[in-house]
Amino acid sequence: QRQLLEAWIEVCSQAGIALDGLEALPICLWRAGKPQLEDGGQVGLQLDDQQSWLLALEQGQPLGEWPCPPAGELLEAPLRRWAQRYSPSAGLLIGSESMVQTWLPQLTAWLGCPVTPFAPGAGTAALWGLAAGERQP
């Protein structure tokens, strides 16, 4: 990841743009998904073929972030354990269209709550959250 960061710094430098800060991906995803989630315990799940992430919210504020196995059957046990402990009321799924179609029914069962796909699309979720941070006072 260091090489990726250095490459982006170089791109900004070549473009004559000052890079004034970085935002962690979970914070960007939290900002992007927050308007789609209601009050209470919620979960945001970002599915990836290399590693997935679970971001929990309580009353709209971050509760914690957990690394999870990649999208697949290995997700079932950790998600069921997490859901048993935290009892989420709603979930938001961020992933490619094919992953969402494949895993949405299982994730709803494993988490024990309604899970909906992120509306603007998975590829833009982090950018939506980054833009939301720029608009906040």
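Reader: Is C113 buried or exposed?

Author: Keep in mind that this is a predicted model, so we're reading a prediction here. Buried means under 20% relative accessible area. C113 has a relative accessible area of 5%, so C113 is buried.

Reader: And C68, buried or exposed?

Author: Try the cut-off again: under 20% relative accessible area is what we need. C68 comes in at 8%, so C68 is buried.

Reader: How many disulfides does the count come to?

Author: For a disulfide, two cysteine sulfur atoms have to be within 2.5 Å of each other. Going by that rule, the count of disulfides is 0.

Reader: What about S52: where is it found, and is S52 buried or exposed?

Author: S52 is found in strand β2. Its relative accessibility is 0%, and the cut-off for buried is under 20%. So S52 counts as buried.

Reader: Which backbone atoms does the side chain of S52 reach?

Author: Polar contacts need N or O atoms within 3.5 Å. The side chain of S52 reaches the backbone oxygen of P69 at 3.2 Å. A polar atom of that side chain also lies 3.4 Å from the backbone nitrogen of A71. S52 is in contact with both residues, along with others including W66, C68 and L75. Your two atoms, then, are the backbone oxygen of P69 and the backbone nitrogen of A71.

Reader: Which element gives the largest share of the largest nonpolar core?

Author: That core has 19 residues, and L47, L54, L79, L107 and L111 touch the most other members. The elements giving two or more residues to it are β1, β2, α3 and α4. With 6 residues, the largest share comes from α4.

Reader: How many residues of α1 are buried?

Author: α1 is hardly covered. Among its 14 residues, the count of buried ones is 1.

Reader: Which helix has the lowest mean pLDDT?

Author: The protein chain averages a pLDDT of 78, and 72% of the residues score at least 70. Among the elements, helix α3 has the highest mean, 92. The lowest mean, 54, belongs to helix α5.

How values were computed: Residues are numbered from 1 along each chain as its sequence is written. This is a predicted model: local features need pLDDT of at least 70, side-chain atom pairs count only at pLDDT 80 or more; totals for chains, interfaces and linings use all residues. Side-chain values use heavy atoms; hydrogens and water are left out. Buried means under 20% relative accessible area, exposed over 50%, partly exposed in between (1.4 Å probe, protein chains only). Helices (H or I, at least four residues) and strands (E, at least two) are DSSP runs, numbered from the N terminus. pLDDT is the predictor's confidence in each residue, from 0 to 100. A nonpolar core is a set of buried Ala, Val, Leu, Ile, Met, Phe, Trp, Tyr and Cys residues joined through side-chain atoms within 4.5 Å. A polar contact is a pair of N or O atoms within 3.5 Å; within protein, one must be able to donate a hydrogen and the other to accept it, and residues adjacent in sequence count only if both atoms are side-chain atoms. Contact means heavy atoms within 4.5 Å. Lists of a residue's contacts leave out its neighbours within four places in sequence.
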